[in-house]
Every structure is written in structure tokens, then in C-alpha cells.
Amino acid sequence: MSTRPHYDLQAWSDSVDGVQQKLAVDSTQGLEEHEALRRRSAVGPNQLRVAKQRHFVSILIDQFKSIVVVLLLAAGVVALLFSNLAEAIAIFAVLLLNATIGFLTEWRATRSMEELRRFARVTCVLLRAGRVRSAAAEELVPGDIVLLEAGDLVPADLRMVQVEKLCANESVLTGESLPAHKQTDPLPEDTVMLDRNNLAFKGTAITRGKGRGVVVATGMRTEFGKIFEQVSESEAERTPLEKRLDSLGGNLAWAVIVIGALIAIGGILSGRDTVLAIEVAIALSVAAIPEGLPIVATIALARGMWRMAKRNALITRLSAVETLGATSVILTDKTGTLTENRMAATTALLAEADIDLEASVDPLLTETLRELLITAALCNNAIMQRDADSKSDGVGDPTEVALLAAASQYDIWREELVAQEPEVSEEPFDPDSKRMATVHKRRSDYKVAVKGAPEVILASCYAVHTSGGVIPLDNEARQSWLGRVEHLCARGLRTIALADKAADAVDIDPYDNLILHGVVGLEDPPREGVENAIRRYREAGVLVVMVTGDHAETARNIASQIGIVDESADTRQFLGGEAVDQLLEEKRFDELTAVRVFSRVTPEQKLKLISLYQQQNHVVAMTGDGVNDAPALKKADIGVAMGIRGTPVAKEAADMVLQDDDFGTIVSAIGHGRAIFENIRKFVVYLMSCNASEVLVVALATIAGAPLPLLPLQILFLNLVTDVFPALALGVGPGRTYLMKKKPRPSSERILMRRHWVEIGVYGVVMALTVLSAMALVIFYLGFDQGRAVTVAFCTLALAQLWHVFNMRGNLRQVINNEITGNIWIWLALALCILLILAAVYAPVFREVLRLSDPGIVGWLVIVIASLVPLIAAPFVRWIANRHAVKAAR
């Protein structure tokens, strides 16, 4: 035996002796303690690498990375340099408030990786130096011998060297709901991870039997560790909203620089005082920047986050809220997401009929069915108490728990049966012979209860139970039974045959001369409400694609049941994982995107499929609950994890956690996301058109050589007070109901399309001309001095901007009943802003700072009438914008 261990080996393809030789260990003795310490110093402890946590400072810094925020910071600094203290304080106060809201919301939603590390902390039973002892999983090193039995969590990746009916639940890693039977024979080198049944993987659970394995991988080298590394080190995709806001901010930055420079240069060249020219340029720059945009966007997203939390959808990143609304493709895992991740007996084949176990049964067949279920309960090692809260509250192999659950529906309980007919012998389930038997003592004889694969049990039966008694089972009848079984298998069900016989002694062949009761079909049933959710996704134009590690027939059956595909779906809509890489290599992308059900897919292939859809300009959501789903959850635009059944690593990787595990909750979240995007678009158009009016008012007055209609601090007051509250009310509006009947918007669609820019420009012109006209009227016709005229200009623009909020309704023909008038926050915002405008004019403190004066009754009359002009002109503005958009599209 080699004394130098090899740690990098394909253990599944090597023999038991070969693996032991390469790892320099004897499975009957284990490693010596000093050798284990030496190996631990060489390979490190059996634990996941501590991932760098997101520090609160990092979260705080992220709140200042938006280009619009940077522009505001620059404006505040410039204001300080020119000793405009009030302006600087106002700008910095807005930035602080925005950062506080964003920070607190994300900090509450940030979850620590410590939960995952706790998940990995388990104990195990190991053999060292010929002694069996309990140890922390962190102590394990390659070459250690670990003993497993039912109920254990596998502490590292093991190559099995000895098994006794050993089964493991690997659904968290592979996505397959049925237990994996373990064996010790070597496998071909090219065997995929999903089919390496001579390995036991870290983090999976032993459901039956016992065994002994040699550790072949620890810590980050395990399959669990490899997935964890992909999750913890990969960069999260930037959301479409982040990209759009940065793009908008970039455009604004250039606009501010150009406008400020032109006005400053123009003023200096025209002979104006240099300081005055620069102050005017600053005023225009302040007017061009939508100071309220960051705070309104943050609050709108935060409110959407809180709304979704009430619907059991926990969002971990603010910008992800809006991204949901753009989702065009959902790639969903099957086990635990679309299904309940538990086996359920749904069908029974009796001699006379096929029985739906979830429906009422013909009374004539009830007794025959009861006898079948009694046999299923007797030939069983699982445990289910009479006071169990649900069908899944059983302990043991999932298939046996499902049989007990079916029996319990007919008030059949194993503990009561065994009390009457004690079990005296058992032939454990053998994966090779595919059968199991128990022998029970009755008063004068013994009952032998048998279950197993239908083809095996049918071959051992000479007769079959019916409601009228026992009838012979000839070859023709046997073939008929096999045909019925094949039909169940074609539907993706797992089948188990049940039979019994009477015996005079215990030591007889339990599998000879059996009498068939029937066959039970089991499946991992679809979750309640999933079919309705799939229909709602289809109505919303969202494509749902199943991507699972489970077998093809099982995936096809579930997909048909819940409506992902229909019964007549052609073969092009189904694809196995073995073909995915080949089609990607050959760049046959159209064939891949035509598939609706992917089966036997590895975590790496899920990542490739997500990238494929993203490259085709789709916004991709990925749902899952297992360790195997985590890298895909991180890679997707929106990762959605199950909160109840989901593993900690899946939750850590996700952008949204469904706390009720309801697949349909995503539909509601998408609806919220669409409403939020529409609201964001509305308040951006609103803010930008208000800012455009301010820029044009100052620019046109400057060009004309007239006095400034608005002073820098007045502009800031409009931007931060009278603009922000209506915009905020727009941002938290409920949205229009028809949004979920529309197709998702393209991922490339900008916040502001061409027609929106036209609206912004035309609304800005209308409001600016209205303000300048009002100012000219009171100066030239009413004889107002400059102070009162500036007040008229200020109040006209302030009220015009308030009424302008009603121009943001989707359908201008709906004047009275629409999403704006029905938004209570709009009315509260208007009331508050009117009070603030009055305070600005009449409260001494505000009036002094803003340099305003009482315009008088005549002045207020001019202000009110002039401010209504943009509201009246709205249909004309919308007509111009739509006409321009149509021309541009030709």
C-alpha cells in the first residue's frame, strides 16, 4: 500500500481497493491520529471558506454611487465654494436622507453567510486507529473512514466501500426527489455527477440502511464546496434599472456641464459681471439636476420592497424590485419549487379498475383497496404517528412514508396492525432484487407481506385478489398488468407492486407463490396553485421553462400537469442535459430556446442556459431551493429561492426569497415590479419636465437680458419641495391593472423613450412661456416691481408644476377616474405643497431667505389662471409626442 496519498482522484471510476491504496488507508482500521493531523495541515479543515461579508460601510458607500447623486454632491460643493450656504445645506440634506433610506432598507434585508456555515457544522462517526468515535465534521481529512446510518448528514464526499441497503436523499444537490441507492462498484470515468451512485455527497441525508465510506474530498473540494465557491465569488449581475439610471445620469451630467458652460461663457462675453454670470450658470445647473430623483426612486423601490414583503416575498436588493417587472423568462427548478418535494401515492391499480387515491372510491372496491393498503403498511419501515399534522410528517424512506400516508386516509395505521400481527421476520429491500418482505404472526399461521418492482413481483405471483375472491394469474393477465404499469411509468410515476400469502412457518421463501393485491403509483405531486400561476405567467407574456436535475419522464409528466407544455407538445420542447453542451457548442441557439423542459441538467449547464437567454436580451428569473440551484440563482437577473424548503445557500444567493414557498407569489411580485417601473417612468418624466421648465425660464430670460425670474435658492426650493412630494406620490401609486395583460417590456427599453423626451421638452416650453408671460404681464401691464414680479413667476411655476402631476395619467381621456386621481397620496402631496408655497410667500423666515413678497389678490389671480395653462395644453402635448414617436418608428 502506498504511503503517499493522492488527493486528486476520480474515486467513482476506481475500485474500492484502488481508492484505499491511493489514499493510503485500510477501511478496517482507518488513519492513525498523527497521519490525520499531517493531512489536515496539508489540505486544511473540512469546512467552507469564510466568505467576505458585506460590511455596513460598503452598503452605505453604495448609496452614493449613482451618477445623479455624484452630480448633486458636485453641485453642493460648488455652492459651498461660492458661499451659498443655504443651497449647499439643502442639497446635502437631501443626499443624507436618500442615503439613510436606502441604507436602512438594504441593511435589514442583508443576510449573513453565517447561516450557511452553521448548516455545514455537523458531527459524524469515524474510524481512526481501529477505534470508532464521534467527531466534528471539520476534523475529517481525505482517507478518513466514516460510518453512516439512517438519519445522518453526510459530512464530506465519500467513496462507499461497504453498503447495506444504503439510500440517500440528494434532492438538495441533484434536484431528484427519489432517494439514491448506493453501491460500491466502480463506474465509467465519464459518469456525470448526478449518476455517481458509489459516492455519498457532503450535505445530503441518509434515509435508509448503513454503510462505510472513505473520505475523498473535504471542504471546498467537495461538490457542495464547489457550488458554494461559485456563489460566494461570482459577481452579481447589475440590474436593468441600475444600468438605466446610470445612463440617464450620464446624459444629465453632460447636459449640466454643457448648459452651465454655455450660459457662463455667453454671460461673460455679453459684458455681464463675471461672478453674476457664474451664479446664473450655477442656477441653471441646479435647475437641470433633478435633485428629487434619487430620493423618490429610493422610496418608490423601498415601498415596493415593503409591499412585496407583506405578500411573503422578501427582496434583498432595492433595484431588484423594478427588475422583476421586466422579467421575460423564468427558469424554474422542479423539485420543491413546482412540486412538494415529497412522494405521494396517487394511483392504485386493482384487478377490476384503476383507482385515483385522491378521489372517492367505488364502495365495491373499498375492501380490496384496504387489503392492498394494509399490506403496504405492514411491509414498511417508516414511522407515522396517528396524530401527524400532515402527510409529510413521517420518518423514513419517502416512498414508504407515502404508502403509510395513503393507508392513513383509510384509518389504517401500522402501529395498530403490528400490535395485532407482530412482525417476526424481515427481508430488507434489496436494490438488486428490487423487493422486500415482512412476516407477521397471526393466531394460527403467518402472513407474508411483500412489495417491490412490478415486473419482479408479478413474476412471483400465481393469483390476484379481487372483490369476488382470488382468481388465477396467467401469462396473458400478467402481460396485461405490465401494460397498465407501463402506462403509469409513461406518466412519470414510480410504481410498486404489493402482494401477500399465508405461511405455516417463518423460515420459508417469502417470494414464492404470492397473491397480487395490485400496484401503487407514486409521484412528487405539483404544489397547490402552480397550475394557476403558470396560466397567469402566460397571460403576462412571461415564458416559463423547467430546468431540473430529475429524470426526463418525471419532468415531462409534471410539466404537462401544470401547463408548462400541453399534452400534444412535440419532442423539440424536451431536452436532456447530455445534449445541452453539444447544442451550445454548435451554436444551435434557436433549438435550445424552443425547449420548455430541460432534464438531467447540471448546475454548470443551468448557468449556460441563463447566459444564453440573457445574450438574447431576456431578463431572466431563476427559481430554486437546492444547493445545486445556488450558482444559477446568483447568475440570473433575479434569483428566487424558496424560504421554507430552501437551503441556506440557495437563500443566500437569491435576490428574492418566497417566505411561503408559493410559486404564484412571483406573479404578484412581477405585477408590483411593472407598476413600479411605470411609476418610475412617470415621476422621471414629471421631474425632468419640471426641471426643463426651470432651465428654459432662466435661459430665455438671460438671453433676453431680462431680470432673473427665478433665483438659485428658489429653484432649489421648487426642486426639493414642490416637485418632490408629487413625484413621490407618483412613485408609490398602485399602478394600472391592465399591466399584467401586457408583454414584458424589452430589456433594452430605456426609462425615457423618444416620445417621453418630446413630452419633457414640450411641457417645459409650455410652462416656461406661461411663467415668462405672467411675469411680463404683471411688469408691463400691472406695474409690479421686480420683487413682486419674481414672486408671481415663482408661484406660477410652482402651481403649474403641481397641476402638471395630473398630466401623468396614462389615458388623458380619463379626466376624472384614473390612476392619478385615485391615488390618495397625490391629493395629500398637493395639499402639503400648497401650504408650503403659502408659507414661502407669507412666513417671514422663508420669505426673507427666498426673497419673496406678497403678490396681492390681482397677482394671485394671474398666478392661478396662468398655472392652469399646462394642464389644459396636455392633450396637445401628448398628441405631438405620439406623432413624433410614430414618425421616428417608420
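Predicted model: local features only at pLDDT ≥ 70, side-chain atom pairs only at ≥ 80, totals over all residues.

Let me continue with the chain as a whole. It contains 34 helices and 24 strands. If we take contacts between residues at least 6 apart in sequence, 71% of them join residues at least 24 apart. The accessible surface of the protein chain is about 37,500 Å², and carbon and sulfur atoms account for 56% of that surface.

I now turn to one pair of helices. Helix 20 covers residues 577-585 and helix 22 covers residues 603-615; their axes come within 10 Å and cross at roughly 45 degrees. An angle of 35 degrees or less would need to be under that limit to count as roughly parallel, and roughly perpendicular begins at 65, so helix 20 and helix 22 are oblique to each other. The crossing of helix 20 past helix 22 is left-handed. On the side of helix 20, the contact is made by Gly577, Val580, Asp581 and Leu584, while helix 22 contributes Gln605, Lys608, Leu609 and Leu612.

Finally, consider a single residue. Alanine 630 lies in helix 23, which spans residues 630-635. Is alanine 630 buried or exposed? Its relative accessibility is 0%, so alanine 630 counts as buried. Lysine 651 is 21 residues away along the chain, and the C-alpha atoms of alanine 630 and lysine 651 are separated by 8.0 Å.

Methods:
Residues numbered from 1 in each chain as written. Heavy atoms only, no water. Helix = DSSP H or I, 4+ residues; strand = E, 2+ residues; numbered from the N terminus. Contact = heavy atoms within 4.5 Å. Areas by Shrake-Rupley, 256 points an atom, 1.4 Å probe, with all protein chains shown as cover. Axes fitted to C-alpha atoms, helices over the stretch in contact; angles between N-to-C directions. Parallel < 35°, antiparallel > 145°, perpendicular 65-115°, else oblique. Left-handed = near helix turned anticlockwise from the far one by under 90°. Buried < 20%, exposed > 50% of the residue type's maximum accessible area, 1.4 Å probe, protein only.
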